[in-house]
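Please keep the sequence and the coordinates at hand while reading.

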Amino acid sequence: MSYLTHASRAEAFNLDHERTSWHDETLWFVRQKRDKAVYAVPEFQELRNLASAIKDHTLSRLDEYLAQFEAAAQTNGVRVHWAADAAEHNAIVLDIIRARGATRVVKSKSMLTEECHLNPYLIKEGIEVIDTDLGERIIQMRDEPPSHIVLPAIHLKKEDVGATFFKHLGTAEGLTDPQQLTEAARQHLRAKFLAGEVALTGVNFAIAETGSVVVCTNEGNADLGVSLAPVHVASMGIEKLIPRLSDLGVFTRLLARSATGQPVTTYTSHYTKPMPGREMHIIIVDNERTQQLGRPDFRASLKCIRCGACMNTCPVYRRSGGHSYDFTVPGPIGSILSPNIDLKKHSTLPFASTLCGSCTDVCPVKIDIHVQLYKWRQIVSEANHLPTAKKIGLKFMGRLLASPTAFKLSGSFGRRALRLLPYGLTHNQTVNAWAIARELPEPPQQSFREWFAQQPQPAT
Amino acid sequence: MSTARDRILAAARANKPAETPLPTVPDFWGDNSLERFRTVLASIGGEVTRLASLDDLEATVHELWPDAKLIASPLFTPTLRIDQHTPTDVLADVDLAVLPVEFGVAENGAVWLPEANMLHRALPTVTQHLAFVLDQRQLVATMHQAYARLPDGPGGYGMFVAGPSKTADIEQSLVIGAHGARSLVVLVY
């Protein structure tokens with residue numbers, strides 16, 4: 001089976017130049033807001049080191065912290081479930097809903113449930129699932145996946161949202177004012193919150209010592225859903241754990257500043273016990289995470305706190321859009337998580353990078369993202385998933401660069417050829433993919449090696 | 001057959017790296033002034049209003065929110081009584097909730113609201129407008145000191161709230177009043 005490459009999907013995104021530029025600039029603006037917030041905290045780099053060390057430590061004792069968390073949560077009256085994969089997770093959620101005889105579910109943002117494709121599963125079983133985060137509700141109406149983990153509808157313009165709400169919410173045709181569109185969504189979703197029977201949430205942090213789960217939102221949709229519905233189901237990957245409540249001091253200072261440049265999210269909510277007469281469930285999900293834990297080169301990817309800073313800063317993500325990655329988590333972090341799930345399907349993602357390292361620079365938990373991208377490339381190549389042209393090209397370049405004679409000859413040939421051959425041939429986009437959006441440099445008269453040989457030798 | 005729990009824990013045990021130490025987090029101190037708190041809260045859409053004394057609370061609330069009909073609060077005789085058994089359709093009509101908070105965080109404008117202060121868990125997010133009442137001596141500088149104030153844990157349910165509900169999901173345009181409170185005022189005494 002063959003898959004579309006990242007490059008081909010990015011090409012489709014780039015057909016609309018204006019929108020591509022807007023996307024690029026908007027995300028760069030978010031990156032700048034991040035910088036402003038970060039520079040205002042003198043100890044920010046120290047916080048990154050601490051966050052990284054806390055996560056490293058947690059992974060190094062993950063089994064113990066998971067057991068501690070489970071015991072604490074059970075003491076709190078929470079029902080803890082374990083799911084090895086997406087299918088098990090989805091079946092557990094459905095069982096909980098069915099046991100209550102419920103059909104109306106309100107859901108706040110959870111990348112894990114996206115990863116498990118929970119919504120289509122529940123809808124097929126006759127359950128109404130309403131995404132309550134505004135951006136997620138918009139794309140749910142449009143039947144699209146999120147294109148960013150923090151800003152799920154960042155690929156859309158207000159005209160798109162207006163048209164979507166005109167169709168689904170009956171707002172005035174041509175309405176594009178964000179304030180009025182948000183108000184329409186507020187009214188629509190209030191009714192859903194008030195009628196909700198089961199509330200699903202993700203988890204930002206799970207505290208081993210208290211058995212609490214922490215959910216961070218700006219809209220308040222997680223709290224509104226959970227506090228009105230009789231049943232709360234929180235889904236978490238095993239990597240969400242942190243040992244102590246006090247560790248949140250570090251992570252809450254990093255998360256929103258890195259994500260959107262806010263000093264903290266509007267709501268940082270700690271769910272520990274259900275209200276009397278109500279139910280709280282936590283589903284702990286593996287879904288290939290323990291496999292990634294066993295890969296020394298890639299296990300650090302499990303430290304991710306899903307802030308999205310690596311996407312906002314990435315020159316490739318900003319100009320190719322989240323959908324071009326065709327994975328739940330797009331951007332640089334998605335490109336090191338996805339090959340663990342399906343190496344062949346996602347084989348082009350580690351190449352969707354200039355390896356500039358900006359992702360690593362902004363990561364609040366100091367994941368060596370660009371190094372891992374480079375290492376996945378080796379694995380993709382060894383598994384023979386490279387496209388033929390790239391494979392031959394890399395082999396040829398490898399030989400050329402390994403031989404000083406061949407390098408010298410080809411340099412002199414190249415300079416001459418660039419001068420003599422017609423532009424239409426040197427820039428032919430079928431044979432020279434490099435020239436599709438680039439000019440080749442003006443060839444110099446001589447190489448550095450030739451120039452150096454002509455220089456007077458320094459006295460020894 | 002082993003359970004999913006056993007398999008996940010066994011895989012985590014088998015695949016985890018060599019143990020690394022859990023760092024001690026230093027007590028990063030900073031500015032815990034009311035001025036700092038006020039400036040940061042204003043930057044995220046909230047507002048600080050001075051209260052001469054707690055005795056003035058009820059009068060101040062009616063003065064600041066003359067149009068609020070259904071007001072819920074544990075601090076004075078409310079126009080609407082809310083407790084943890086209040087049904088959803090009653091909660092849905094609350095105009096204003098006036099709730100005491102335990103402390104504020106100067107670096108980010110957040111306040112700590114434990115379950116015991118909420119009347120009903122849904123009240124802080126279901127109310128149209130929100131007012132918090134804060135003793136100005138109860139300000140800490142950073143989130144490190146904030147969590148140090150919770151030695152017995154966060155309780156059954158508790159939240160840091162920083163400003164009114166907001167979203168920027170439509171073209172990154174900031175809109176105040178997404179699903180939760182449309183406005184937030186911290187009344188400081």
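Which residue in E11(B) is the bridge partner of His129(B)? In this predicted model, the partner of His129(B) is Ser183(B).

## Strand pairing in chain B

The bridge between His129(B) and Ser183(B) belongs to a pairing in which strand E6 (residues 129-134) of chain B and E11(B) run parallel, joined by six bridges. Strand E11 (residues 183-188) of chain B also pairs with strand E1 (residues 47-50) of chain B, again in the parallel sense, over four bridges.

UniProt, in an unreviewed entry, lists residues 91-188 of chain B as "domain: LUD".

Chain A contains 22 helices and 10 strands, and its C-alpha atoms fill a box of roughly 90 × 55 × 50 Å along the principal axes. Of the 460 residues in chain A, 48% are buried. Among the contacts in chain A with a separation of 6 or more, 74% come from residues 24 or more positions apart.

## Helix H3 of chain A and its cover

Helix H3 of chain A, residues 44-60, has 17 residues and reaches 24 Å from its first C-alpha to its last, which is close to the 24 Å expected at 1.5 Å a residue. The buried residues of H3(A) include Leu47(A), Leu50(A), Ile54(A) and Leu59(A), and among them are also Lys55(A) and Asp56(A).

The cover over the buried residues of H3(A) includes helix H4 (62-75) and helix H12 (248-259) of chain A, together with strand E8 (241-242) and helix H13 (289-293) of chain A.

## Positive phi angles in two loops of chain A

Most residues other than glycine have a negative phi. Glu288(A), although not a glycine, has a positive phi of about 75 degrees, and its place is in the loop between strand E10 (279-285) and H13 of chain A. Because Glu288(A) has 17 C-beta neighbours inside 10 Å, it counts as partly exposed.

Leu355(A) is likewise not a glycine and has a positive phi, here of about 60 degrees; Leu355(A) lies in the loop between helix H16 (331-341) and helix H17 (358-362) of chain A. With 15 C-beta neighbours inside 10 Å, Leu355(A) is therefore counted as partly exposed.

Notes. Residues are numbered from 1 along each chain as its sequence is written. Chains are lettered from A and ligands numbered from 1 in the order in which they are written. This is a predicted model: local features need pLDDT of at least 70, side-chain atom pairs count only at pLDDT 80 or more; totals for chains, interfaces and linings use all residues. UniProt positions are given in the numbering used here, feature names are shortened, and annotations may be inferred rather than shown by experiment. The expected span of a helix is 1.5 Å times one less than its number of residues. A residue is buried if 20 or more other C-beta atoms lie within 10 Å of its own, exposed if 12 or fewer, and partly exposed in between; C-beta atoms are placed from the backbone. Two residues are in contact if their C-beta atoms, placed from the backbone, lie within 7 Å. Two strands pair if DSSP finds at least two bridges between them.
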